[in-house]
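Hi everyone, thanks for coming.

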Amino acid sequence: RPTEPVFMPKGDKGIVLDVPQNYLTDKYRPQASVLKNRFKETDNTQVAVKGITVPDISALLVLPRRATFSTFVPLHRQLAARLIAIFIGMRNAEDFVSAAAYIRDRVNPGLFVYAFSVAVLHRPDTRDLHLPPLSEMFPDKFVDGGVFVRAREEANVLLDETVRSPIEIPMDYTATNLELEHRLAYFREDLGINLHHWHWHLIYPFEGPREVVAKDRRGELFYYMHQQIIARYDFERMCNKLPRVKRLQNLNDPIEEAYFPKLTSQVASRNWAGRPSGAVLRDVNREADQLKFDIAELQRWRDRIFEAIHKGRIDLPNGTTMALTERDGIDVLGNLIEPSDLSPNRQLYGNMHNLLHVAVSLVHDPDQRHLETFSVMGDSATAMRDPVFYRVHSMVNDIFTEHKNTLPRYTVQQLDFPGVRVVGVSVQTPSAEANVLETFWQKNVVDLSRGMDFNPRGSVLAKFTHLNHRDFQVTVTVENQGQARQALVRLFLAPKFDERGQQWSFVDQRNVFIELDKFIVNLKPKRNVITRESRMSSVTIPFERTFRDLELNRPPTNGSGTVQDEFNFCGCGWPQHMLIPKGSPEGYPSVIFAMVSDYTTDWDQSAANRKPGACWDAASYCGIRDQAYPDRRAMGYPFDRLPRPGVVNTEQFLTPNMIMGDVLIRFRDTVFDPFLPQQQQQPQPQRPQA
Ligand code: CUO
């Protein structure tokens, strides 16, 4: 437990307490010696901090300590940008620690953790630090609120943490199967998926110092990462016999999808609001949040964006225009729609996507008459729990698609790799038939104690159930008619048929291809049999990193000493346990797509010299830190554009360097619990060395 307790900067006499009743250290100062002993008894770590001239944080205190923080609310975002700038501006790591110690107990905790995390990830001197997972700092954003009362009870009664047993969270705690959308709850409420989304927005904040925001192709990645979320959700829905998600088209229509999150904010001591079916978006006017906008404005911004796409140019504030080019148009649009600080014209194209999150999250109290705060859609750590998230992002994706549809179609030359033919693709799960993937339920635990305050300390675990799949291997067979050379392999997976069981058109199927992996291979002349482990996927982070603190407390499983080195710092990445959609008990018919293309044209050569320890496991969805996005092709290639004339289905789209193969995804309705003694002997997840 690295950071507690912290002490005031030495020699720091002149601090003006702006909101004294909110500053905990001051409130408890008369009891200082008692408290110091109390902390000493339970926690041996003490962090000394150096005296500094404290930064002026008075402007940050407009956000009350017990308020809920949202990066989507412009005021909150500005406060976050300010605090990030303070943290990034500290001259060295020591001063940064001092500033953090000074600020931590004064500002809103959500604001603090967000800005502090962004700063840690971006400062050269702290970038390799291990950030605790958000699910342990704010477990209340990830697990059923009812668990916390039981966790306190457990901690108060059982003083010895080793005899505490995990508190079970049932799988179906947010709704019943009367609600069709509940079939997808395991996906939407998955801890790893929500952590990924939080981390993605942490690495790609839309406001803050330029060096933090202006990353290579960030607008395009905003498009692609969220496009893949929708593709994955649609695939998952189809496995559950539900149609693909309907985009939120008319913003005045009642929202059919209800959601009651069952989360309780420990900071605000409030339940996160639910939304009944039929809710209608209303104009927002909340003085305390300095938030005022009309739904008609969102509509207008969207219309203007569509107009710009049809014209192929956007209007700039100085009266000139900027072309939406084949190469960069998508990146510009990403920054314009989200929008980020890089939006070329915020005045005209507004704040569409972010304020749509806000409008949906405040649908229950748009003018604050009930003193309610926003719901899950207002926080990137919780937004993906709500079915409406996918309708909103489907609509956003539709705008990007409109632009992509205006681009020249890929010619055969832009797709093919002369001299290279892919002649086979297959998957193999150990001890299953060929071309069968297997999914099942698995139990896991999260430690709630870091996010709660009780005495004595020590872990209190909550046990929950998530989807997982058995590791598998993909084999791609390639005929190389030329010299030895390097090549890039792209793997995607899609449902084989549409919702009616019919063959897809390419135009539709291309939207449900989920990326599985992308990797470099050395091709020798003639026949090459390439095998690739599922755990190496370029879209995922290892299972152990999603659940790292749990693993840290366990004996290492890979026989190589500590597993800590592997965790590094980077939490961005699709969770490995959700790489494969659930499938169905009878075996869900799917297709695996493999494409081999030219490494020299498609791969950014600087990415070849990536530094060890750089965050690259999930490069496809998260990029590589401090480096250009490694794939030089448009994100989503080769499925991001309309097909060349004459191509109706995906078979016809294939060039000789591509192939598709049938795969069944078989779901076994059994629960693997590695915490039960008799199951511990089952093979533990292993990650092959890169
Ligand atoms: Cu990630 Cu809307 O951008 O949630």
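Before I name any element, here is how they are assigned: helices (H or I, at least four residues) and strands (E, at least two) are DSSP runs, numbered from the N terminus. Please keep in mind that this is a predicted model, where local features need pLDDT of at least 70, side-chain atom pairs count only at pLDDT 80 or more, and totals for chains, interfaces and linings use all residues. Residues are numbered from 1 along each chain as its sequence is written, and side-chain values use heavy atoms, with hydrogens and water left out.

Let's start with the cis peptide bonds. As background, most residues other than glycine have a negative phi, and most peptide bonds are trans. Tyr-637 and Pro-638 are joined by a cis peptide bond, with omega about 5°. You can find Pro-638 in the loop between helix H23 (619-622) and helix H24 (650-653). Another cis bond links Glu-338 to Pro-339, with omega about -15°, and Pro-339 sits in the loop between helix H13 (329-337) and helix H14 (346-349).

Next, the positive phi values. Arg-217 is not a glycine, yet its phi is positive, about 55°. It belongs to the loop between helix H10 (210-213) and helix H11 (218-239). Is Arg-217 buried or exposed? With 17% relative accessibility, Arg-217 counts as buried; the cut-offs are under 20% relative accessible area for buried, over 50% for exposed, and partly exposed in between, using a 1.4 Å probe and protein chains only. Ser-431 also has a positive phi, near 55°, in the loop between strand S8 (420-428) and strand S9 (436-447). Ser-431, though, is exposed, at a relative accessible area of 70%.

Now for some helix packing. Two packed helices are described by the angle between their axes and the distance between the axes. Here, axes are lines fitted to C-alpha atoms, for helices over the stretch in contact, and angles run from 0 to 180 degrees between N-to-C directions. Helix H12 (residues 295-311) packs against helix H16 (residues 387-404) at about 20°, and the axes are 9 Å apart. The two are therefore roughly parallel, the label for angles under 35 degrees; over 145 is roughly antiparallel, 65 to 115 roughly perpendicular, and the rest oblique.

Which residues of H12 and H16 meet? From H12 we have Arg-302, Ile-305, Phe-306, Ile-309 and His-310, and from H16 Met-395, Asp-398, Ile-399, Glu-402 and His-403, where contact means heavy atoms within 4.5 Å.

While we are in H16, look at Asn-397, which lies in that helix. Asn-397 is buried, at 13% relative accessible area. Apart from neighbours within four places in sequence, Asn-397 contacts Tyr-223 and Gln-227.

Leaving out neighbours within four places in sequence, Thr-670 touches Phe-440 and Trp-441. Thr-670 is partly exposed, with a relative accessible area of 45%.

Finally, the overall picture. The protein has 24 helices and 18 strands, and 59% of its 690 residues are buried. Of the contacts with a separation of 6 or more, 78% are between residues 24 or more positions apart.
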